[in-house]
Amino acid sequence: MGEKLSRVAIVGTGYVGASYAFAMVNQGIASELCLIDINREKAMGDVMDLNHGLPFAPSRTKIWLGDYSDCKEADIVVLTAGANQKRGETRLDLLNKNTKIFQSIVNQVMEAGFDGIFIVATNPVDVLSYVVWKVSRMPKEKVIGSGTILDTARFRFLLGEYFQVDPKNIHAYIIGEHGDSELPVWSSADVGVIPLCDYLKKKKGFQQCDLDDIFIHVRDAAYEIIEKKEATYYAIAMALVRLTKVILNDEHSILTVSTYLDGEYGHEDVFIGVPSIVSRQGIKQILEIELNDGEKSMFNRSVQILKEMAETLDLKNLERKN
């Protein structure tokens, strides 16, 4: 009996979608990769280009230009379509433009009979994850936003550079909105098995003010990259591949994804980035980090910002009718 095929459908083959497809093929994550885009000529070019690279890939991947009907058999639909963030534009400025785009896309995916897991990457990712959940009427566990996966990776990379330690051994999280109100959880950060606060005391030359500056660079990284090259796509694509692999392989890994809070951290009815155990069924469990008073206040503010943005939407009009 043959091994079950895994199908991933990518909706949107712009910078992020194409980079994600390229990384997926290079790592041989899925058996089948279906590319969907309103610009079918461009998407077909990506399909051809990727197929020509298969002789160099670690495993065979079936890649084709598809449509929404192909989502019926998909295990995961990755949403990277939408307007890009422009210079001087915040992620939340994108909300109205991308909500309309997502309403159309998700309705067509669901009409095809999709019953897998949505991964949302388009910004503002937290509110758009909420939109996808509302429109699709999927169980909350099966809608996952990329959240602060990338922010956490940036955080660990810069801390690793600062301490001259492999970033894989930096255990620290960025939580909250994937945007300006995100926050570092300094109180739970570790270097290896040593709490960061203790590490600072034991090692000369390291200062908290330097760490505060590192966080600012993490928070504003997207703005800096957009100023230099107009868009960010390589790192988020790699983050999405990691999330995809965790789901398909049922890894039960902990990632700071955007997920629906239903009483966790004292909040409900909001998608926001928090450490969660991710499995083949989606979000298995949300892990509640013990925050200090300052972190709680910052997290509460982040929740409030996202809720206020969601309240500007006509949520009743968004909900899909059976």
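Student: What should I know about the model before reading it?

Tutor: In this predicted model, local features need pLDDT of at least 70 and side-chain atom pairs count only at pLDDT 80 or more, while totals for chains, interfaces and linings use all residues. Residues are numbered from 1 along each chain as its sequence is written, and side-chain values use heavy atoms, with hydrogens and water left out.

Student: Which strands pair with β5, and over how many bridges?

Tutor: Strands (E, at least two residues) and helices (H or I, at least four) are DSSP runs, numbered from the N terminus. Two strands pair if DSSP finds at least two bridges between them. Here β4 (residues 76-79) runs parallel to β5, joined by four bridges, and I76 has I117 of β5 as its bridge partner. Three bridges pair β5 with β6 (residues 143-145), also in the parallel sense.

Student: Which way do the residues of β5 point?

Tutor: Buried means under 20% relative accessible area, exposed over 50%, and partly exposed in between (1.4 Å probe, protein chains only). In β5 (residues 117-120), I117 and I119 point one way, F118 and V120 the other, and all are buried.

Student: Which residues touch the most other members of the largest nonpolar core?

Tutor: A nonpolar core is a set of buried Ala, Val, Leu, Ile, Met, Phe, Trp, Tyr and Cys residues joined through side-chain atoms within 4.5 Å. The largest has 91 residues, of which V77, L79, F118 and F299 touch the most other members. Helix α9 (residues 234-248) gives the most to this core, with nine residues. A second, separate core of 16 residues includes F155 and V191.
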